[in-house]
Amino acid sequence: MAGVRLKDVTKRWGAVIGVHNQSLEVRDREFLVLLGPSGCGKTTTMRMIAGLEEPSEGEIWIGDRMVNDDLPKDRDVAMVFQNYGLYPHMTVRENIAYPLKVRRVPKSEWEERIDRAAARVQLGDLLERKPRELSGGQRQRVAFARATVREPKVFLMDEPLSNLDAKLRVSTRAELKHLQHELATTTIYVTHDQIEAMTLADRVAVMSDGIIQQLATPEEIYDNPANLFVAGFIGSPSMNLIAGETNNGSFLAADIELPEVGGGSRKGVVLGIRPEDLTVVEAGSGHFDAPVYATELTGEAILVTVVVGSQHVCARGPRHMRKDIGELVGIHADFSHAHLFDSATEERIARSS
Amino acid sequence: MRDRHLKYLLVLPAVVVVFATAIWPLIQSLILSFRTWKLSKSHVPGPFIGWENYSWALLEEPDFWNATVVTTVYTVLTVGCTTLIALGIALLLAPGGRLRLTVRTLLILPFAMSPALVGVSFRFMFNPEFGLFDAFFGLLIPPLAEVSWLADPTLAFAVCVMADIWGWIPFITLVLIGGIAALPKETVEAAYVDGASGFEAFRDVMLPQLAPVLAIVIILKSIFSIKTFDQIYMLTNGGPGTATQTLAHYAYFNGFKYYDMGFAASVAWIMVLPMIVLTYFYTRYVFRRG
Ligand SMILES: Nc1ncnc2c1ncn2[C@@H]1O[C@H](COP(=O)(O)OP(=O)(O)OP(=O)(O)O)[C@@H](O)[C@H]1O
Ligand SMILES: [Mg+2]
């Protein structure tokens, strides 16, 4: 059992920067999710923790030991690779047994441990097959079993569910959460699927361009995004970001004026408000009116995109409402979860000032 | 319908050329191996004598068996050493290895030299008076300073083996670098994270995946080792005595020194046997992979 700490870690390949001056503390037994768009440095961060990539600068700590100079085998981590990394010439059983073999676990323990690890991910009847005879999802489960066959200090999982179908992903997600609780092992988990991040994580680190934008609990990230990137990245449909300015606490953009938003008087302000906090009402009875650009039925509600100046704003309407494109509708806004951002620094600014 | 005939017509010239330059001489030499033909006595082949050339080689000629032993030892040594050394170099040079050589293509240089040239240059380098290697080894291991390398049967054989290995390492290395580069990188990395040392990861994960490439390399190199001729011809000419006489050299010697063409042809065809076996495995491996 151990936490993981990155201190000012940078990874460069020539002029390419994979991870930029990153500091991160993963607590003991914590489930931390690295979330971010493709190419933001998630895999690179993992690989540096595993010892497969040497940081250009900075320190990596596992428990109370600085592991920069340790070989992967001495770091006692287990990793599930983005593209499985199974041993193609070994059977599933041999794959799962390999960590036991090279770590000199007594042979008498193998059988029980392999069976337990395989049973956790329902691999029972596939043990004698070769990886090439398995589907993508099955391979991923083998990679899981191989990682969980021993008790490492840290689990590193690089998009382990990316190749499962939607249904299996949901059920595996639940199993994974249970498994992590049961094993009580520090876990660092990479994904670009925010639902996965929100449901699994104790804390989420949102990354972009090799930099952690925000590290907080899922609720905190959702309710109080630290900057424009996080605000736009988290949530589906994503948060409306409307550029404008404030004047004495009123928000002005294009032809709308929203009173009592806060933020004093300043130029270059972006208002962030989630679609679920904007309700479609009859024209004239909301905070402002706008023409309908498009409507999408999600099942439980209808999403209505309206045009505000040159920007699109997404709002929710009751399931049975039907509006034609071009029709004028009213929008009622609930500002209790709205945010203001500085459009130059992209940081969130306090609404009370 | 016309296309079907046309395609045969189009390959016909190539088939004719191959037949005239490869198949026909082969058939001729096979026929010749069953006839007696002493070039010193007649310029046309003599009568058919059945298996006599073959039985003479196999039953009556100690020199044939000497050449067989020389060829076998030579093949085992060159194949073994070349593969091992090339594998070591390839591991260092392959992507992710410890050595970065931007001019990897330079490696191929020795392979670009004709075997005969390799033979000549090694002969000069082991010349007792002005040879570079001769002087070098003499300095390194003083007891060797006085030996005349190419005059000693064992050492001459060693020099031949060395020259062969030197000439072949680049090509085999390149093939193996290709093989290593094609291995899925994560499998090796997974082994490291699972707890394997560098050696264990190599033994348990890299080597088994490299096996098909290694098999092809070994078979191919064996074929080339068995038929070694030009290098030996230029380096030692089979000597001293018959210490470095390979089967190919032995066949040549009988044909163009003793002018016994029928016998030489039979020796050449005996050599073909192991080649056929190796070629069979080679093509099986190559086409199974493709
Ligand atoms: N070996 C390398 N050499 C040069 N650049 C690299 C190397 N590995 C990664 N990068 C670069 O570093 C950046 C981060 O890559 P990384 O693999 O960590 O992304 P990621 O967040 O895991 O993305 P994905 O979600 O697509 O897996 C990318 O811009 C990538 O191009
Ligand atoms: Mg990745």
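# Notebook: helices of chain B and a magnesium site

The model is a predicted one.

**Entry 1. The α2(B)–α3(B) pair.** I looked up the numbers behind that. Helix α2 of chain B covers residues 52–60, and helix α3 of chain B covers residues 62–93. Their axes come within 6 Å and cross at roughly 75°. Next I asked which residues meet there. From α2(B) I noted B:A57, B:L58 and B:E60. From α3(B) I noted B:P62, B:F64 and B:W65. I sorted this contact by class: five residues are nonpolar, one is charged and none is polar.

**Entry 2. B:L58.** I stayed with one residue of that contact. B:L58 sits in helix α2 of chain B. Setting aside neighbours within four places in sequence, I listed its contacts as B:F64, B:W65 and B:I270. I also checked B:L58 against B:A20, which is 38 residues away in sequence. Their C-alpha atoms are 31 Å apart in space.

**Entry 3. Chain B as a whole.** I counted 12 helices and zero strands in chain B. Chain B has 290 residues, and 39% of them count as buried. Its C-alpha atoms fill a box of roughly 75 × 75 × 35 Å along the principal axes. I then looked at contacts with a separation of 6 or more in chain B: 65% of them join residues 24 or more positions apart. For confidence, I read an average pLDDT of 86 for chain B, with 94% of the residues scoring at least 70. The model scores ipTM 0.82 and pTM 0.80.

**Entry 4. Helix α8(B).** I picked out helix α8 of chain B, residues 185–194. How many of its 10 residues are buried? Eight are, and the helix is mostly covered. Among them are B:V188, B:A190, B:A191 and B:V193. The charged residues B:E186, B:E189 and B:D194 are on the buried list too. I asked what covers the buried residues of α8(B). The cover includes α1, α2 (72–75), β6, α3 and α5 (136–148) of chain A. It also includes α9 (198–226) of chain B. After α8(B) comes B:G195, with a positive phi near 120°.

**Entry 5. The magnesium ion.** I moved to ligand 2, the magnesium ion. Which atoms coordinate the ion? I found OG1 of A:T43 and OE1 of A:Q82, at 1.8 to 2.6 Å. A:T43 lies in helix α1 (residues 42–50) of chain A, and A:Q82 in the loop between β6 (77–80) and α3 (92–102) of chain A, so the pair ties together parts that are 39 residues apart in sequence. A:T43 is partly exposed at 26% relative accessible area. A:Q82 is partly exposed as well, at 33%.

**Entry 6. A:G18.** My last stop was A:G18, in strand β2 (residues 16–26) of chain A. I noted it as buried, because its 10% relative accessibility is under 20%. Leaving out neighbours within four places in sequence, A:G18 is in contact with A:K11, A:W13, A:C40, A:G41 and A:G210. A:G39 is 21 residues from A:G18 along the chain, with 8.0 Å between their C-alpha atoms.

Conventions. Residues are numbered from 1 along each chain as its sequence is written. Chains are lettered from A and ligands numbered from 1 in the order in which they are written. This is a predicted model: local features need pLDDT of at least 70, side-chain atom pairs count only at pLDDT 80 or more; totals for chains, interfaces and linings use all residues. Side-chain values use heavy atoms; hydrogens and water are left out. Donors are N, O and S atoms within 2.8 Å of the metal (3.2 Å for Na, K and Ca); water is not among the atoms, so sites may look incomplete. Helices (H or I, at least four residues) and strands (E, at least two) are DSSP runs, numbered from the N terminus. Buried means under 20% relative accessible area, exposed over 50%, partly exposed in between (1.4 Å probe, protein chains only). Axes are lines fitted to C-alpha atoms, for helices over the stretch in contact, and angles run from 0 to 180 degrees between N-to-C directions. Contact means heavy atoms within 4.5 Å. pLDDT is the predictor's confidence in each residue, from 0 to 100.
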